[in-house]
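Hello,

Here is the structure I promised to pass on. My notes follow it.

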Amino acid sequence: MVHDKYDKTSIDSIFKHAKLLTGKSLSDLVTLPPNAEKTGSRGKLGNLVEQFFFDLPVTTSGIDFRDAKLELKTTGLLKRASGGYKAKERLVLTMINYKNIVSETWESSIFLEKCKLMLILFYLYENDVSPADYKFVLDPLLYEIEEHDLQIIKRDWEIIREKVLNGKAHEISEGDTFYLGACRKGSGGPGEKPREQPFSDVRAKSRAFSFKPSYVNTLIAGDDVAGRNLEVSDIKSFEDATSEKFAQYVGMSIQDISQHVGYEKSSVNHKGFLKDLSTRILAGGGNKVPELEKAGIEMKTVRLSKSGTPRESMSFPGFKFDEILKQDWEQSSFFEKLESKFLFVVFREDTDGVERLVKVQYWNMPFSDRIEAKRVWEDTKKRVAKDARNLPKISESQVAHVRPKARNSKDTLKSPQGHDVVKQCFWLNASYVKKILV
DNA sequence: GCATGATCATGC
DNA sequence: GCATGATCATGC
């Protein structure tokens with residue numbers, strides 16, 4: 001009887017109890033009743049731990065440890081190839097109640113009440129292993145939102161609430177926000193009914209507040225990786241902090257920026273130069289911007305011609321033919337990317353032919369364009385199944401198309417029809433990117 | 001100027 | 001070795 005050994009009203013006692021799990025699996029510590037694993041819903045291990053390790057009631061609508069005001073979360077990790085762990089997926093916090101959130105304030109919100117203080121358990125996910133046998137590979141984490149993150153999360157919460165207030169719950173995207181995402185939650189299957197929202201007749205898919213995987217990673221790795229290049233505060237937003245970093249370079253030629261930053265093109269063929277230069281502006285040295293990583297933000301550089309048209313369309317990660325055939329839109333990596341928030345760093349050729357930094361701009365894809373991107377993706381899936389040599393061209397959509405992305409023409413994949421087809425990826429049309437940047 | 005196909009340096 | 005972001009090259 002493991003649960004007799006701790007005090008549910010004491011954070012200290014709960015934490016000590018949780019620590020017993022470190023290095024162990026649930027089935028190492030408790031004997032589960034037969035069929036226990038079959039009766040649970042999704043997020044099985046979390047339920048099992050609550051019920052059989054902490055002896056908590058199965059159905060709690062409130063906080064898990066009511067008296068200690070502590071919420072329990074269980075989340076999966078994957079092994080990194082380089083060693084260490086990374087988040088398997090986002091950490092789902094609490095369902096968004098469209099009807100109630102509009103009358104809440106941040107201070108009075110259910111979200112804050114539930115998520116202010118959390119005990120997070122990390123287990124290593126493994127294929128073909130039953131959840132009760134997953135090992136808790138890290139110590140539990142007593143998580144309290146720290147001040148620096150609190151400002152960002154508060155604003156994220158307000159952005160999501162605002163969408164519901166404006167009758168746009170059905171248009172919510174993860175890219176609307178920085179750390180706190182509104183992720184899809186629920187089966188998504190044909191049996192699932194979208195929910196009503198208070199200020200529109202359109203039904204909206206159910207969503208939950210969640211921490212993005214990138215944010216969870218920073219909890220695993222410890223605070224030092226979070227970075228302090230951007231000074232966000234209660235009066236300075238993420239956007240403002242970014243603009244500030246670039247401000248001194250706006251209007252400058254690429255050459256001058258290069259000189260100021262002390263970073264030069266490694267060769268004529270250094271295609272990632274502007275991206276690398278932009279990274280250095282934001283982060284000083286190194287090839288990463290921790291704050292952007294933490295928020296899962298995609299930084300993209302865009303070069304405009306004199307007329308303001310992007311010189312190129314915008315590429316995304318490659319896809320595999322067998323993969324796309326198995327996926328639904330919402331599982332695809334293109335969907336994931338398009339739900340992200342983007343940071344565009346925009347250069348433009350002036351009348352003398354000199355390329356200059358003109359602006360930085362945050363953006364995430366509007367609802368109607370995500371619908372069009374979905375159409376292109378689904379069309380691609382169909383055409384891969386039919387003949388992977390004939391995929392959606394730029395002229396077939398205002399938003400996206402498919403084109404090669406490979407080392408060279410010999411860098412191919414076998415199509416379902418048995419042809420060697422050069423590797424492909426999705427692109428956002430240059431003309432579409434132009435419209436974004438107006 | 002644009003569509004299409006083909007790379008290239010980098011980092012892990 | 002390979003994915004990735006970005007750009008180059010060609011033909012119309």
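The residues of the surface near DNA strand C divide into seven charged, four polar and four nonpolar. Here a residue is near a strand if its C-beta atom, placed from the backbone, lies within 6 Å of it. Ala, Val, Leu, Ile, Met, Phe, Trp, Tyr, Cys and Pro count as nonpolar, Asp, Glu, Lys and Arg as charged, and the others, Gly among them, as polar.

This is a predicted model, in which local features need pLDDT of at least 70 and side-chain atom pairs count only at pLDDT 80 or more, while totals for chains, interfaces and linings use all residues. Residues are numbered from 1 along each chain as its sequence is written, and chains are lettered from A and ligands numbered from 1 in the order in which they are written.

DNA strand C is surrounded by 15 residues, and the closest are Lys271, Lys275, Glu312, Ser315 and Pro317. Strand 11 (314-319) supplies at least two residues of this surface, as do helix 11 (273-283) and strand 10 (298-304). The largest share, five residues, comes from strand 11. Helices (H or I, at least four residues) and strands (E, at least two) are DSSP runs, numbered from the N terminus.

Around DNA strand B there are 22 residues, the closest being Ser266, Asn269, Lys393, Asn408 and Ser409. By class, 13 are polar, five charged and four nonpolar.

There is also an open sheet of three strands, in the order 3-9-6, with antiparallel pairing. Two strands pair if DSSP finds at least two bridges between them. Strand 3 (91-95) and strand 6 (180-184) are the edge strands, each pairing on one side only. Four bridges join strand 3 to strand 9 (residues 207-211), and Thr94 has Phe209 in strand 9 as its bridge partner.

Regards
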